[in-house]
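Hello,

Here is the structure I promised to pass on. Please look it over first, then read the notes below.

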Amino acid sequence: MFIKHSKATVKSATVILLVAILMIIGICEQSVKADSTIFQQDITPFLKQYCYHCHGVEKQKADVNFQTLPPNTEIYKDRDLWELVRDLLLEDEMPPSKSDQPSAEDRQRIIELIGQELDQFDCDAISNPGRVTIRRLNRAEYDNTIRDLMGVDFHPADDFPLDEVGYGFDNIGDVLSLSPILMEKYLNAAESVVTNALLAELPPWPPSRQHQVEKFTADQDDIVRAEGSVMGFYREGNALKKLLIEQTGEYKISVRAHGQQAGPDHAKLELAFGDDDKYVIDVDAFADRPKVYAIQTTLSKGTLNLKLSYLNNYNVQDHPIAELNGDRNLFVDYVEIKGPINVQPPSLPVTHSRVIPGQPEPGEEVAYAREILSPFVKRAYRRPATEDELDRLTDLVEYAMVQKATFEKSMQVAIQAVLTSPHFLFRWELDPTDKQGDDTRALNDFELASRLSYFLWSSMPDDELLNLAEAGLLRDDDVLSYQVERMLQDPKSDALVTNFAGQWLQFRSLDTVTPDPAKYPSFTPALRDAMLKESELFFTEIMRSNRELTDFLDADFTYLNETLANHYGIEGVHGDTFQRVSLDASSRRGGVLTQGSILTLTSNPTRTSPVLRGKWILEQILGTPPPPPPPDVPMLEETQEAALSGSLRERLEQHRSKPDCATCHEKMDPIGFAFENFNAVGQWRDLDAGFQIDPAGTLPDGTQFEGATDLIAELKTRDTFVHSVIEKMLTFALGRGLEYYDQCTTESIFKKLTDNHLKFQALVKAVVLSNPFQLRNQEGNES
Amino acid sequence: MKNMQPWTRRNFLRGLGTALALPALESVYPQKALAAGPNSEFPLRTAFMFVPNGMHMPDWTPRNTGSYFELPKILSSFEHVKRDLLILSGLTHDKGRGNGDGAGDHARSAGVFLTGVQPLKSEGAEIRAGVSADQVIAKAIGHQTRFASLELGAETGRQSGKCDSGYSCAYSNNISWRDEATPMTKEVNPKLVFERFFGNQIPSEESESQARRKLFRQSILDFVLEDARRLEKQVSYRDKQKLNEYLTAVREIEQRIERADLEKQDRPDYLTEFETPEGIPSSYEEHIKLLGDLMILSFQADVTRVGTFMLANEGSNRSYRHIGVNEGHHSLSHHQNDPGKLAKISEINEFHARQVAYMIQKMKSIPEGDGTLLDHSMIVYGAGISDGNRHNNENLPIMIAGQGNGLIRTGRHLSYEFETPMANLLLSMIQGMGAKADRFGDSTGLLRGLNG
């Protein structure tokens, strides 16, 4: 109580709050109620009589020993074990059939006591935020993080192996492993990412082009002619070339030439760019060492008539001064046109300049690398870089440059290292090594920013979150609430739809269902895509428009395109574009349970499966999964002959009459049957195999319903639905399975939610503000 | 130098200690057979191929034991390689049973298949099986080839939801376990297998010399290893385990880069002629065939000597329309002895076996010295469940193809005593491949009679 009170009044005084929490944890650890009487008086005698001989001091089958449990054992602390004990008792699997059996009443009594004891703990006493194992970025997170970090969106993770699923989600730290093949793919992906995003060398600027003069046109073949790779001018004559100038501006024109010198003067070369734009070059170079001569001029856009002329031929063989005898000729190699030279270089690709915005002066590369790596590493590691990290990274840049790589290439190497580092690939929450003896610590602002962004965006924090973290402003309830709202409005929160909703409602699995094409020819790839899109858009509206959670079950709108509307028999929707459609009672639809996606993925390929549908609703919607069937379970007949012998419902009811099956099927089947009016691909029908469908039924608690609409209205009123959504979302947000102590958190979230009319965003905020989301246990406290 | 000694019976006994029952010693491997030993001319390869949901046993088990037996229906496509098969009846994976862990037979049967260890029941809090036989072998001999092992699968994992009650999907989707907490992720896309094992997968290769690229990659690996080492001092328990996965993976890549230097640059014809796969074929049959071809290719080119191949994930409910089975495999496997369903299961089993038979025939068509690639291989094929309806783990459907450099006397059907551990076969293969192990999983000794 005290915790709640202080939270409400001293909102921003987080330090005080934290101290208060820590004090209370310390006090309460000693004051846990030791109400051990039930375990000691009722459960222990039962265990002694039926269990000790296999699970006791003598034998510890399955590593279970009940005999050494202390009399004050609090069984809720080992929830997994005792839930298993309860389930095995429930399923008559234990004690094994060859052993002594308790009476049915005795068995039932112990089952109930265990259930009671499991719920028997005091939230004021237990305050354990749990401990999340470091999480490797999963495929979606890797792609999104690369997208937001580098600005390249090309899904490198498509080639990665699938991430394993635990507790229904693929972002569970303990389950996300890293095999050598994945490491190899990370290395290759990092290389692809940098080559896609960054230039390895800058293009030469200004642009220049060399033109080989021997390819020019001579106006008199016998005077001017190509000699190998040069053009020889043997008497006064011209070589001509039309060139295209793309842009008006100042150009630098270089000519490589030499003379076969003779007479008093050097060979003279005239470059003409037009009638009144001529330059004469005194070519003083000899054949053994041609020179490059350059002039600068303005060229206009359009065709340039370039003319090279030899101006001063000289051929004297009878001069009295011997030195003046000789034949002067001119040889020109190439003309290079470079420019325009007085304009700004074109901008580099955005992905390049956001990481490497400029070009360092020679000799300053390493210092510059450090300057630009610091902000980059902060984003990549989602916390400021340490000096040591920057030292080692700049060493890497320097090393690459010593290997004669360009500065840009060297940066590529360093950034590949960042993208392959464990600091990038995992989300670390490192506990201080000098911790002060407290079990629990608040996450630092950067850790919190990452938790938030990977929860809502499946991606890295953006600059706003990182800046808030840096300023130490993130850990404030109002700031967090505002950030949640902002983040949910951002298109990046589509990730919450595909990753959270797609796994909670399982519509991600839609692409693996295979309805029998002979029976359901209308189930085309386009229809499958439309079904998925409907569910995604539906979830998106509830999320962004902050609707009530109960809308998931019963909403008066959905999103359809023509294909899907035709499939549903709803008129007035045209074209491939999805539009929001209002639903009335006549549509017989509303909420996820009547959407094609869910109805299809809870069916068998050849028929509906009321059992699967019932089980799906119990698991995903009500959060009360039925225990699995015993292995030797009779399955439903589905041959033609069987179909003739009665409706599916009658056949299932026969099956249910067996006591082994009754307990669970009494829960699953009526729920599933309520949806029998929807066939295996979600179309409405009145008859099944010629039999009138009867969707009415009774829940185990006696509640009666007429059909799907009626049942949905009933499910809506149940707290178990809200609890189920809370548990799923908390699991996804934390990346770990829920433990017994999390029940306090889900209870308090439930209270907040009911105070806020079950609004979707209230749920997200309550999760974000919860202790397990904001704190962490520093000890490996798991039992 | 010690391990260069010839493989004598005395050495063998010493290595095994006293736990071994004597009759097993009758089949101690002959000197010639020692996998990577100094006397073997061709390296010994091994692969473990897995199918889910059990087998229709009456159509799998030959009626007679010994050398004179007829191939039952499921195995009929092995007609041409019948003399290369050793069918083993009666093997058991006790650790695949509930043993107090309750439901989840499917997940367990895959988790135990190559480990012989009871998988820890967990949806994720702590994934734990055992090191699998292929990985024990890979650790011992993997350094001799560019890749220590190859893991293939023709079915991707589930994208959402649960795989089997109380067990993380990691158990149902993997049979190869690098250490007890890390499954070896399998590759599903033939294109990626090809690029990784044989191709030039590196972008911008032409823009930069091989040598410099390698140098840079090495320095990147050094850098990240240093990151990981510094982190090691700051993390505890589970986080440390994850960091170890990272360290191991990076070191393995480093070793591979070093090994790549030792390889010849010339590509043999069969490799240059192999058409680069384009991706995952839409036909399941083509998909299996292509992955099988790649495994054979990697054995032929001696890029690796150890492989695993899951034809489908455990509990898979895929339908087999192309052979006229529209129902899901898992639903069908709960057949209640319905003749119609049994027939369909048998069809699925036969389909899978046909794909394996194709591979075995192909291996037999590749000459190596006086023999064939198949002669220098041991290919295990089978399931972790016997009857899909009962989910029982005794009398598993298991066979070996290939004489394994003389380790295996093929052309026979052997029937073992009830409850003989499957782990005994795995232990025999581990030793046969040249890895040191005295026991494996719940093994009680070596498997008698493999060599006749």
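**Notes on the model**

With 16 C-beta neighbours inside 10 Å, K378(A) counts as partly exposed. A residue is buried if 20 or more other C-beta atoms lie within 10 Å of its own, exposed if 12 or fewer, and partly exposed in between; C-beta atoms are placed from the backbone.

Some ground rules. This is a predicted model: local features need pLDDT of at least 70, side-chain atom pairs count only at pLDDT 80 or more, and totals for chains, interfaces and linings use all residues. Residues are numbered from 1 along each chain as its sequence is written, while chains are lettered from A and ligands numbered from 1 in the order in which they are written.

**Back to K378(A)**

K378(A) is found in helix α9 (residues 365–381) of chain A. Helices (H or I, at least four residues) and strands (E, at least two) are DSSP runs, numbered from the N terminus. Leaving out residues up to four places away in sequence, K378(A) touches R383(A), P384(A), A385(A) and L466(A). Contact here is C-beta atoms, placed from the backbone, within 7 Å. A287(A) is 91 residues from K378(A) along the chain, and their C-alpha atoms are separated by 59 Å.

**Helix α4(A)**

α4(A) has twelve residues. From first C-alpha to last, α4(A) reaches 16 Å, close to the 16 Å expected at 1.5 Å a residue (1.5 Å times one less than its number of residues). L84(A), V85(A), R86(A) and L89(A) are buried in α4(A). Their cover includes α5 (104–118) of chain A. Just after α4(A), D92(A) takes a positive phi of about 60 degrees.

**A sheet in chain A**

Five strands form an open, antiparallel sheet in the order β3-β6-β11-β8-β9 (chain A). β3 (217–218) and β9 (278–283) of chain A stand at the edges, each with a single partner strand, so one side of each is left without a neighbour in the sheet. Two strands pair if DSSP finds at least two bridges between them. Strand β8 (residues 267–272) of chain A and β9(A) pair over six bridges. In β9(A), D282(A) is the bridge partner of K268(A).

**Where the chains meet**

**Chain B**

Chain B has twelve helices and 13 strands. Buried residues make up 54% of its 452 residues. Chain B is divided into domain 1 (30–198 + 274–432) and domain 2 (200–267); the bounds come from an automatic or database domain assignment. The C-alpha centres of these two domains of chain B lie 30 Å apart. Their contact takes seven residues from domain 1 of chain B and eight from domain 2 of chain B.

**The cores**

The largest nonpolar core has 187 residues. Such a core is a set of buried Ala, Val, Leu, Ile, Met, Phe, Trp, Tyr and Cys residues joined through C-beta atoms within 7 Å. Those with the most contacts inside it include L763(A) and M49(B).

Best wishes

Definitions and conventions: Two residues are in contact if their C-beta atoms, placed from the backbone, lie within 7 Å.
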